[in-house]
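Take a look at the model below. This report walks through a few of its residues, one at a time.

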Amino acid sequence: MYDFTPPSAADKAECYAQLAEATAALVDGEPDAVANMANIAALIWQFVPDLNWAGFYRTIGEELVLGPFIGKPACIRIPFGRGVCGAAAVTAATQRVEDVHAFPGHIACDAASRSELVVPVLRDGRVIAVIDLDSPLPARFDAQDAAGIEALAALIAAHI
């Protein structure tokens with residue numbers, strides 16, 4: 001049994017460091033990508049406050065396909081270039097959106113979402129998945145959140 005408890009009084013950098021440690025412990029020696037993504041989504045949900053969706057979209061051909069997540073039901077397929085996730089997949093770059101309603105082509109799976117952070121997971125220079133975080137708060141994600149999830153994406157690239 002795993003008991004990963006986020007630090008109650010730690011700053012954001014410490015929370016992301018502990019999220020990375022917990023993730024490394026969970027994926028160590030586990031070859032199943034779906035199991036790893038499911039556990040990572042649960043850890044993100046536990047460690048990162050003020051989310052209404054946390055999970056993965058996997059690259060299948062020229063589109064993103066829904067992977068393990070926590071939150072309301074979501075869009076199953078997203079073409080590359082469409083919405084925030086599709087933009088991250090095409091550019092292989094983090095997308096930090098303060099107001100999703102102002103993002104051209106935003107795909108609204110949950111009307112409560114106000115801001116979004118999408119980080120590509122790269123293996124051998126190729127986007128194999130994206131980590132998608134949604135929040136009901138506007139401008140919820142800052143550069144520190146982006147850096148924390150980018151470090152997580154680098155850590156898990158060989159495990160999903």
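D124 lies in the loop between strand 5 (115–123) and strand 6 (126–135). The model is a predicted one. Is D124 buried or exposed? D124 has a relative accessible area of 80%, and the cut-off for exposed is over 50%, so D124 counts as exposed.

The backbone of D124 also deserves a look. Its phi is positive, about 55°, although D124 is not a glycine. Most residues other than glycine have a negative phi.

A92 is another residue with a positive phi of about 55°, and it is not a glycine either. Where is A92 placed? A92 sits in the loop between helix 3 (83–91) and strand 4 (95–97). At 34% relative accessibility, A92 is partly exposed.

Now turn to D145. This residue is part of helix 4, which spans residues 143–156. D145 has a relative accessible area of 0%. Buried means under 20%, so D145 is buried.

Which residues does D145 touch, leaving aside its neighbours within four places in sequence? The contacts are K12, Y16, L117 and R140. With K12 there is a polar contact: the two side chains are joined at 2.9 Å.

| Residue | Relative accessible area | Class |
|---|---|---|
| D124 | 80% | exposed |
| A92 | 34% | partly exposed |
| D145 | 0% | buried |

To recap, D124 lies in a loop and is exposed.

Key:
Residues numbered from 1 in each chain as written. Predicted model: local features only at pLDDT ≥ 70, side-chain atom pairs only at ≥ 80, totals over all residues. Heavy atoms only, no water. Helix = DSSP H or I, 4+ residues; strand = E, 2+ residues; numbered from the N terminus. Buried < 20%, exposed > 50% of the residue type's maximum accessible area, 1.4 Å probe, protein only. Polar contact = N/O pair within 3.5 Å; in protein donor to acceptor, adjacent residues only side chain to side chain. Contact = heavy atoms within 4.5 Å.
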